[in-house]
Amino acid sequence: MSAFLKVVFDVPLADAFTYRNDAEDPASVGRRVAAPFGRRQATGYVVGELDECDIPEAQVKRITRVIDKEPLFDARSVELSRWMAGMYFCGPGEALAAMLPSGRRESGGSLFEADEFDIEERPLALSQEQADALARMTSGPSGTYYLYGLTGSGKTEVFLQAAEATLAAGRGVIYLVPEIALTGQVVDAAMRRFGRRCAVIHSRLTPSRKLAEWRRILRGEAEVVIGARSAVFAPLARLGLVVIDEEHESSYKAGNAPRYHARQVAMRRRAAEGAVLVMGSATPSAEAWSLMEEGNVERLVLTKRLAGGAPPVVEIVDMRKEEGCISGRLADAIRDTHRAGGQSILFLNRRGFSYFFRCRSCAAEIRCRNCSVSLTFHKDRNSLVCHYCGYRVSPPRSCPECGSLDVGWSGFGTERVEEDAGRLFPDLRILRLDADSTSKKGELERILGDFREGKADILLGTQMVAKGLNFPRVKTVGVVLADTSLNLPDFRAAERTFSLVVQVAGRAGRFTPDGRVLVQTYRPDSAVIKLAAAGDLPAFYRLELAARRELGFPPYTRLVRIVFRSKERGKARDAAALFAHEARAGLPPDVEILGPAECPLALVAGTARWQLILRAAELKGMHAALGAFLPAWGVPPGVRMETDVDPTSLM
Ligand code: ADP
Ligand code: ZN
Ligand code: ZN
């Protein structure tokens, strides 16, 4: 037992603090302790042991209490937290806290009970394509693979058998899914295959259940860990395989500090622990696609639908001549479907703005002349703003593309769509699924269950429904307005729109042989929408990656986003400007600073938000300079600063 301890706390500080280790039950690395920190008592994580004190002994405080009898983190987790602190500009204590969230925002209940699944199901006989893919990922030399294939092409079965092979070799498996509640089939399948050897970690577990699962993994009782983003930290002693299902999903990126990406952490663990990483999707992210093109990730392709079903007919609906939110053709399709005893789904894009500015004749939108991203229309100030660089113009009186005077803003919110649907289909039962339903425990499952049992005719939901779409009676799917995400002031707008349409189309045809997908748009000639409707992925990625290269966006550059928040708009803006000015000298000359600009979500709960976007061809120099500059920079009073390395959203 060491006489002194190094302890980190859940705060944005790089430092570890020294304490005397003379509690009744002495602590050791990986255990949590309660200790005096500043003027309060705080929970800390022991990350080191010292025989000699490294600060003047008179200043050393003692641990108040040791919380864990057994270490909660092994040396690998502690090392990973150091890597995260460096990579994401957070404190190592924040990184450890993120690995095992304390459950502040979590509610109780468990969706899956391991004990219910004792029957071990036998694996399916693989198709030739599946067998080839499995053979590569279990014996190939590269270590990082991408299983690319349409929905229903049998990716899950390949993942499960790769997991079996890994277990047989005496090593553990992490299987990441975007959202547990929406990927119940995968969890069920894994449970039936691996029974008690599975641990399921998800945000709806109570803190004590989560801790119990974590300890089962530490003790080696659970060797297959299934979960959303944070399951990437599962403390498996001998990690052999990480699966990232639906790799393109934005939920793999953390929305709070530390803003890690599960794919990045998985790549780090793969390299550090000698494991294999397998990602999979029907619509890979543009980053992943370019890694495959460059040969850094080996692409394994599945081309056949194993469960049968034909791809649905995808139709593009021109909204320029329509009055409401639901076109005549979509309304007819919904009524036909209802008459035939089927159900319909209407997708809205949650991430879309309710207001955007466009030409009603040619559907041109107004773009920034510096950044080429869409300008956002601010109705209250009657101006168009670029949220990357701050460029601002008054709305034009005529369309810069076609000269038409029929220009203006449109609104397309959830409420309006529900209203229109209610008016158009007074005799149909409509269920609505939105962000609120996912936060309330059991609500999401209840709504989806009701719809599956036929208790409603139309399900109105945001794109999250696309993930869990497995409703045998659904015949018609409408994407209410594909443009809402296409017009986002974000360089990933085209990618998100494309993947939404392809995912929706892929799932609609999974169960219904005569499925119809209607994609409503003001831009029926947009290449993104046409390629999505045609399901031409290679052509889309070629186009999109060429545009990214041309405009200098990832994967051809790396970005760091810095957001300044304050109750006072002026303070946030001034802090951003001051930071830009003072950081400039220390940054390599090739680093561009875009902004200060107001964030697209400029005001959140009364707090003003301004941002800087730093851009460079390579992360290394920019990252190192920021690592030196950030901790020493004095954030002005009344302002909060947040950094985001490789941001996935610039909202
Ligand atoms: P994906 O994950 O690619 O969307 P799934 O793994 O869900 O596809 O597979 C779709 C369907 O095909 C499932 O019902 C699954 O049971 C079935 N399936 C997968 N592999 C095979 C196989 N080798 N033989 C028969 N059916 C299979
Ligand atoms: Zn026009
Ligand atoms: Zn701009």
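E246 counts as buried, at 13% relative accessibility. Here buried means under 20% relative accessible area, exposed over 50%, and partly exposed in between (1.4 Å probe, protein chains only). E246 sits in the loop between β11 (239–245) and α7 (262–273). Helices (H or I, at least four residues) and strands (E, at least two) are DSSP runs, numbered from the N terminus. E246 is not a glycine, yet its phi is positive, at about 55 degrees.

D646 also has a positive phi without being a glycine, near 50 degrees. D646 lies in the segment after β28. D646 is buried, with 16% relative accessible area. Most residues other than glycine have a negative phi, and most peptide bonds are trans.

## How to read the model

This is a predicted model: local features need pLDDT of at least 70, side-chain atom pairs count only at pLDDT 80 or more, and totals for chains, interfaces and linings use all residues. Residues are numbered from 1 along each chain as its sequence is written, chains are lettered from A and ligands numbered from 1 in the order in which they are written, and side-chain values use heavy atoms, with hydrogens and water left out.

## The chain as a whole

The protein chain has 18 helices and 28 strands. It has 651 residues, and 57% of them count as buried. Contact means heavy atoms within 4.5 Å. Take the contacts between residues at least 6 apart in sequence: 75% of these join residues at least 24 apart.

## Two nonpolar cores

A nonpolar core is a set of buried Ala, Val, Leu, Ile, Met, Phe, Trp, Tyr and Cys residues joined through side-chain atoms within 4.5 Å. The largest one has 108 residues, and F579 and L626 have the most contacts inside it. Helix α14 (residues 493–511) gives the most to this core, with seven residues. A second, separate core has 30 residues, including L134, Y145, V158 and L300. In soluble globular proteins, nonpolar side chains tend to be buried together.

What does F579 touch beyond its neighbours within four places in sequence? The list is I562, F564, L612, L626, F629, L630, W633 and M641.

L630 follows up that list. L630 lies in the loop between α18 (619–629) and β28 (639–645). L630 is buried, with a relative accessible area of 9%. Apart from neighbours within four places in sequence, L630 is in contact with F89, F579, M641 and T643. L630 and T643 are 13 residues apart along the chain, and their C-alpha atoms are separated by 9.3 Å.

## Where α1 meets α2

Helix α1 (residues 75–88) packs against helix α2 (residues 92–99) at an angle of about 120 degrees, with their axes 8 Å apart. Axes are lines fitted to C-alpha atoms, for helices over the stretch in contact, and angles run from 0 to 180 degrees between N-to-C directions. The two helices are therefore oblique to each other. Angles under 35 degrees count as roughly parallel, over 145 as roughly antiparallel, 65 to 115 as roughly perpendicular and the rest as oblique.

The crossing of α1 and α2 is right-handed. On the α1 side, the contact uses S77, L80, S81, M84 and A85. On the α2 side, it uses P92, A95, L96 and M99. The residues of this contact divide into seven nonpolar, two polar and no charged. Ala, Val, Leu, Ile, Met, Phe, Trp, Tyr, Cys and Pro count as nonpolar, Asp, Glu, Lys and Arg as charged, and the others, Gly among them, as polar.

R269 lies in helix α7. Is R269 buried or exposed? R269 is buried, with a relative accessible area of 4%. Not counting residues up to four places away in sequence, R269 touches L80, I174, V232, F233, A234, L236, L239 and G274. L80 also takes part in the contact of α1 with α2.

L330 is in helix α9 (residues 328–339). L330 counts as buried, at 0% relative accessibility. Leaving out residues up to four places away in sequence, L330 touches L346, T476, G478, L518 and Q520. L330 and V317 are 13 residues apart in sequence, and 8.3 Å apart from C-alpha to C-alpha.

## Cis peptide bonds

The peptide bond from P554 to P555 is cis, with omega near 10 degrees. P555 lies in the loop between α16 (537–551) and β25 (558–566). The bond from G595 to P596 is cis too, with omega near 5 degrees. P596 is in strand β26 (residues 592–604).

Note on methods: A crossing is left-handed if the near helix is turned anticlockwise from the far one by less than a right angle, and right-handed if clockwise.
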